[in-house]
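Take a look at the fold below.

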Amino acid sequence: MNIYKRNFLKSIVAISVLAITGIHSNLAYSSSDSPMKLGFLVKQPEEPWFQTEWRFADKAAQDLGGVEIIKIAAPDGEKTLNAIDNLAASGAKGFVICTPDPKLGPAIIAKARSYDLKVFTVDDQFLNAAGEPMTNVPLIMMAATEIGQRQGTELYKEMQKRGWEIKDTAVLAITADELDTARRRTEGSIESLIQNGFPTEKIYKSPTKSNDIPGALDAANSMLVQHPEVKNWLIVGMNDNTVLGGVRATEGQGFKAENVVGIGINGVDAINELSKSKPTGFYGSLMPSPDLHGYQSVEMLYRWIKEGVEPPKYTAIGEAVLLTRDNFREELAKKGL
């Protein structure tokens with residue numbers, strides 16, 4: 001082989017090596033440069049609570065770097081399962097979900113496993129086919145019993161502050177025991193009231209068909225008419241809207257604001273009520289931390305996928321601040337709301 005042919009072949013080999021090296025470099029760059037896609041599915045995207053979770057999920061993604069949050073509304077089972085299909089098609093590695101129905105848990109997990117997607121639940125725990133909690137799925141939620149106990153304590157404190165006598169006062173507890181979270185909140189509240197000295201026989205439970213204002217309004221009305229002897233009402237409910245429904249019922253039956261104390265749970269759903277020019281029977285709301293739910297769930301899911309650090313099976317967020325007409329603007333501002 002003459003010197004010209006040998007040099008030509010060396011050049012071809014060198015070019016090939018450079019080309020292959022360039023391809024590998026580009027692939028490496030492309031892989032590291034592409035963001036990790038994570039889904040965040042919520043059942044009621046129009047609710048301020050979930051909008052806050054989404055906002056802080058985005059903040060976690062920004063702080064972590066290289067993360068993209070795909071936000072999807074999942075108000076029912078069909079849309080939830082379709083959303084998982086869409087996440088897989090988009091290249092997502094996992095998702096956070098507040099399920100529209102805890103009983104969808106097995107179907108959600110089966111669908112996610114078929115795509116090798118990690119699942120992290122917020123707010124509501126999955127239930128298996130027997131209706132039992134699926135404790136093997138990572139969950140972050142407010143400490144339901146503890147926040148219920150705080151609700152009961154705050155109601156009792158306000159009753160004492162107003163100088164109400166037990167003989168004139170009763171508790172209207174609007175319940176939804178089929179939902180574990182709701183049951184634990186209302187039972188915690190009732191437990192606290194009893195421990196503070198409120199008589200069990202003056203606590204009246206009324207189940208609601210839905211955890212919203214119309215459902216709670218109907219539930220409250222049916223109980224109020226049974227007890228015309230009661231002058232003052234303390235209202236217990238699993239969230240702001242159930243308590244607001246109870247308050248609306250007392251207004252409809254002629255009770256004045258000074259004879260009603262309702263304390264909700266969530267905070268963000270109480271803003272309009274606390275903003276009214278005149279006080280109502282809705283005294284305040286315990287605002288947990290939707291910001292922490294959104295931020296920490298994304299952070300833990302990311303670490304699980306990226307670093308193999310499996311999150312705890314249960315993370316309880318016990319922090320809550322009592323929003324009232326006097327402080328709600330200041331406290332909401334602290335949360336970036």
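The model is predicted, so local features need pLDDT of at least 70, side-chain atom pairs count only at pLDDT 80 or more, and totals for chains, interfaces and linings use all residues. Residues are numbered from 1 along each chain as its sequence is written, and side-chain values use heavy atoms, with hydrogens and water left out.

**Helix pairs**

Two packed helices are described by the angle between their axes and the distance between the axes. Helices (H or I, at least four residues) and strands (E, at least two) are DSSP runs, numbered from the N terminus. Axes are lines fitted to C-alpha atoms, for helices over the stretch in contact, and angles run from 0 to 180 degrees between N-to-C directions.

| Helix pair | Axes come within | Crossing angle |
|---|---|---|
| α2 (residues 48–64) and α10 (residues 290–307) | 7 Å | roughly 40° |
| α3 (residues 77–90) and α4 (residues 105–114) | 10 Å | roughly 15° |
| α5 (residues 144–162) and α6 | 6 Å | roughly 40° |

Angles under 35 degrees count as roughly parallel, over 145 as roughly antiparallel, 65 to 115 as roughly perpendicular and the rest as oblique. Therefore α2 and α10 are oblique to each other. The crossing of α2 and α10 is right-handed (the near helix is turned clockwise from the far one by less than a right angle). Their contact (heavy atoms within 4.5 Å) includes W49 and F56 of α2 and Y295 and Y302 of α10.

T80, L81, I84 and D85 of α3 touch A107, I108, K111 and A112 of α4.

The α5 and α6 pair crosses at roughly 40°, which makes α5 oblique to α6. This crossing is right-handed. Among the residues that meet are G148 and G152 in α5 and G188 and S192 in α6.

**The largest pocket**

What is the volume of the largest pocket? It is about 860 Å³. A pocket here is an open set of points on a 1 Å grid where a 1.4 Å probe fits, with protein on both sides within 12 Å along at least five of seven lines; lining residues have an atom within 4 Å of a point. A volume is the space filled by probe spheres set on the points.

Of the 36 lining residues, K43, D124, L179, N211 and M238 are the closest to the centre. α2, β5 (139–142) and α6 (180–195) each give two or more residues to the lining. The largest share, four residues, comes from α6.
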